[in-house]
Amino acid sequence: GKLIGDWKEGEKLASSGRGGHIGFIQPDAPMTPRGGNCYACHQLAKKEVAYGTIGPSLQHFGKLRGASDDIIKYAYDKIYNSNAFTACTNMPRFGLHNWLTPEQITHIVAFLVDPESPVNKD
Ligand code: HEC
């Protein structure tokens with residue numbers, strides 16, 4: 001399948017606060033759009049100055065690692081089920097717990113690796 005989507009959609013999802021909170025995933029009221037809340041734990045685009053540091057900085061993720069099929073698959077799988085790589089990670093398992101749809105995850109992958117994304121631009 002296609003593992004890379006639209007970085008503009010991914011940017012919205014990454015900065016939406018309705019994501020996994022530390023240690024557990026608390027569903028919000030039904031019908032509210034879900035998000036990744038990635039900034040709670042990661043630095044991503046430079047323009048966003050408020051971010052948590054529980055996770056490693058992801059700034060320039062695509063610039064540093066490229067956008068090969070391997071990197072795209074790694075980023076997708078990491079967001080889908082972070083524990084597949086690091087047991088007991090603090091990072092929520094967005095896909096496995098149906099927090100984000102596979103399509104939404106492809107948008108976040110694009111936000112991380114697309115050369116035009118603000119993660120890699122500035
Ligand atoms: C509750 C904190 C938390 C949230 C929220 C979170 N992460 Fe993470 N993330 C971590 C931690 C801790 C690590 C490092 C340990 C590990 O690899 O699991 C990590 C690792 C990663 C890695 C691997 C980094 C590398 O150097 O290979 C990627 C990619 C990633 N996160 C992307 C995301 C994205 C995208 C989101 C939003 C959808 C997100 N994370 C949300 C805590 C979080």
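I take contact to mean heavy atoms within 4.5 Å. Helices (H or I, at least four residues) are DSSP runs, numbered from the N terminus. The model is predicted, so I note that local features need pLDDT of at least 70, side-chain atom pairs count only at pLDDT 80 or more, and totals for chains, interfaces and linings use all residues. Residues are numbered from 1 along each chain as its sequence is written, and side-chain values use heavy atoms, with hydrogens and water left out.

**Entry: α4.** I looked up its length. α4 has 12 residues and reaches 17 Å from first C-alpha to last, close to the 16 Å expected (1.5 Å times one less than the number of residues). Of those 12 residues, 9 are buried (under 20% relative accessible area, 1.4 Å probe, protein chains only). Among them are I105, H107, F111 and V113. The cover over the buried residues includes α1, α2, α3 and α5 (118–121).

**Entry: iron.** I then checked the ligand's iron atom. H42 (NE2) and M91 (SD) coordinate the iron at 1.9 to 2.2 Å (donors are N, O and S atoms within 2.8 Å of the metal, 3.2 Å for Na, K and Ca). H42 sits in the loop between α1 (7–15) and α2 (61–65), M91 in the loop between α3 (69–80) and α4 (102–113), so the pair ties together parts 49 residues apart in sequence. The 6 donor atoms subtend angles of 82 to 179 degrees, which makes the arrangement octahedral (six donors, opposite ones over 155 degrees apart, all others between 65 and 115). H42 is buried at 11% relative accessibility. M91 is buried at 19%.

**Entry: cysteines.** I found 0 disulfides (pairs of cysteine sulfur atoms within 2.5 Å). C38 is buried at 13%, and C41 is buried at 17%.

Technical notes
Buried means under 20% relative accessible area, exposed over 50%, partly exposed in between (1.4 Å probe, protein chains only). Four donors count as tetrahedral if all angles lie between 85 and 135 degrees; four count as square planar and six as octahedral if opposite donors are over 155 degrees apart and all others between 65 and 115; anything else is irregular. Helices (H or I, at least four residues) and strands (E, at least two) are DSSP runs, numbered from the N terminus.
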